[in-house]
Amino acid sequence: MKAIHYLRCFVGITAREWRRFLNQRGRFFSALVRPLVWLAIFAAGFHFVLGVSIIPPYETYIPYDVYIAPGLIAMVLLFNGMLISLSMVYDREMGSMRILMVSPLPRWFLLTAKLLAGVVLSVIQAYAFLAIALLWDIIPPWYGYITVLPALILAGLMMGALGLLLSSAIRQLENFASVMNFVIFPMFFASSALYPLWHVKEASLLLYYVCQANPFTHAVELIRFALYARLEPVSAVVLVAATAIFLTLAVYGYDPAKGLMQRRAAD
Amino acid sequence: MTVHPALSIEGLGHRFGPRRVLNNVSFSVMPGDFTVLLGLNGAGKTTLFSLATRLYVQREGMIRIFGMDIRERASECLQRIGVVFQQPTLDLDLTVEQNLFYHASLHGLSHRNAAERGAVEIERVGLADQRRDKVRQLSGGQRRRVEIARCLLHRPRLLLLDEPTVGLDIASRQFMLDRTRRLCREEGIAALWATHLIDEVGEGARVVVLHKGEVRAVGEAGQLLGETRTPSMRAAFETLVQEREAA
């Protein structure tokens, strides 16, 4: 297999994800409505409750809805990551996963192609959210829309890789509901998405460490800084490492010699 | 020049935990052969297909595709295999054409190549008018036809068909059988056709009888009738699967 075969395969996988995405327009709207509900209702309600002091990258006091915007962008990416997972589990239940798995191209490539195809969709939805957020006066500097792109890609990759990993472990579609309880909610709430970590530290030192260890926190912070053309190096390193670990484990999970596919068949 | 078997299985075994599902399975399929893998439900046919397509990795025995060890040269082996799985594998929300393009891309085919080959194959299975229909709108028989058209897109030399006629009406079953036999006869493609339906063993077909994970007999249908001294394939099959249990 030559490079051109890999490229065609990647284009084919991406095209299929796009077609499915376009067939499910509700998915696009719900991906946007979810963070907008948080922005319009939660942020409005907590506007005067949660005070935000001057913390980097902000150079002045900021309204609470400006503070939570990066967290809500990361939420869009997180739900899309879980949709990659859901799509893999659905494919396995419907049988179409087998067609992917008997491709002569290596599985690490097939999984990475699936991941990248999902990340493209995630990034588009994140920008759509940023566009609508203008209505709430969430206006980063113009260059922030460009500098945030690598952060969106890296955060999208991390959450998509986590989704792939989960899909290799989830036995059937019905079990997917538990992902909401045990992955999405804990990741989102135990992070800096809704409140600055110094607030958390005052309330509970243990929770502060949990938030620090949560890769979602680093996704939020990377996006927050990138919107102001600043790099948060620790967050970038954590995200690269987490992506590498999640993807490696996912490839392991889908490996016929080592992973979970045979164990699943045994049940 | 040595002609390698399209599929060669030697001493293949597999277990799921403590449960042994295949035990010392050996047989081969030569280019141009139409071989029926005959066995009741639970005989181990699907596990054998999963091993031969590398969905599972074999730990006991050897699987060779045109002389190549599937563990060492998986990519080259999979390029030569076309599969129709027992479970439907089409994406119901895509059109027939889109399903074909997707499969072609997974094998590295160009869009143009896929369009040309797809048009020919879809015409051959009589679904040219439905090529822009969503698969969800097709009947069970039509979906199976799409699957056989799809598995030929990358010009495989070995077809693995796992119970491809389950749930189909008589006409669709006959179509699938005729189409596959013609591919073997006219294009020299090897086919391993797994089924539990004895009447799918036609005249001249090679038969591998698999029962409880073990090969009970390998040979041409007529030869098996002679060996078991029975008048029909059904009687021969019953004799073969009962023989060792009685012993």
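Chain B comes in two parts: domain 1 covers 7-80 plus 157-246, and domain 2 covers 90-155. Keep in mind that this is a predicted model. Over all chains, the structure holds 23 salt bridges, and the count of aromatic pairs comes to 13.

**Between the two domains of chain B**

- Taken over C-alpha atoms, the centres of domain 1 and domain 2 of chain B sit 25 Å apart.
- On the domain 1 side of chain B, 17 residues are in contact with 13 residues of domain 2 of chain B.
- Putting the two domains of chain B together buries about 1,100 Å², and carbon and sulfur atoms give 63% of that area.
- Which residues of domain 1 of chain B lose the most area to domain 2 of chain B? They are F175(B), M176(B) and R179(B), and together they make up 41% of what that side buries.
- R179(B) turns up again in a salt bridge with E121(B), where the closest N and O atoms are 3.2 Å apart.
- Across this interface of domain 1 and domain 2 of chain B, the rule finds two salt bridges, along with three residue pairs in polar contact.
- As for who supplies the surface, the elements of chain B giving two or more residues to the domain 1 side are α2 (74-79), β7 (158-162) and α6 (170-187).
- Helix α6(B) provides the largest share of that side, namely seven residues.
- By residue type, the side of domain 1 of chain B that touches domain 2 of chain B divides into nine nonpolar, three polar and five charged.

**Between chain B and chain A**

- Here 33 residues of chain B are in contact with 32 residues of chain A.
- The area buried between chain B and chain A is about 3,000 Å², with carbon and sulfur atoms giving 58% of it.
- The trio L55(B), Y102(B) and L106(B) supplies 22% of the area that chain B buries against chain A, more than any other three residues.
- The rule finds two salt bridges across the interface of chain B and chain A.
- R16(A) forms a salt bridge with D91(B), and the closest N and O atoms of the pair are 2.8 Å apart.
- Polar contacts link seven residue pairs across the interface of chain B and chain A.
- On the chain B side, the elements that give two or more residues are β1 (7-16), α2 and α3 (96-106) of chain B.
- Which element gives the most to the side of chain B that touches chain A? That would be α3(B), with five residues.

**Side-chain pairs within chain A**

- E17(A) and K114(A) meet through their side chains in a salt bridge, at 2.9 Å from N to O.
- E17(A) lies in helix α1 (residues 3-23) of chain A and K114(A) in helix α5 (residues 107-133) of chain A, so this pair ties together parts that are 97 residues apart in sequence.
- A pair of aromatic rings is described by the distance of the centres and the angle of the planes.
- W38(A) and F189(A) form a tilted aromatic pair, at 6.0 Å centre to centre and with 50° between the planes.
- This pair also links distant parts of the chain: W38(A) is in helix α2 (residues 25-45) of chain A and F189(A) is in helix α7 (residues 177-189) of chain A, 151 residues apart.

How values were computed: Residues numbered from 1 in each chain as written. Chains lettered and ligands numbered in written order. Predicted model: local features only at pLDDT ≥ 70, side-chain atom pairs only at ≥ 80, totals over all residues. Heavy atoms only, no water. Domains from an automatic or database assignment. Contact = heavy atoms within 4.5 Å. Buried area = accessible area lost by both parts, 1.4 Å probe. Salt bridge = Lys/Arg side-chain N within 4 Å of Asp/Glu carboxyl O. Polar contact = N/O pair within 3.5 Å; in protein donor to acceptor, adjacent residues only side chain to side chain. Helix = DSSP H or I, 4+ residues; strand = E, 2+ residues; numbered from the N terminus. Nonpolar A, V, L, I, M, F, W, Y, C, P; charged D, E, K, R; others polar. Phe/Tyr/Trp six-rings, centres within 6.5 Å; stacked < 30°, edge-to-face > 60°.
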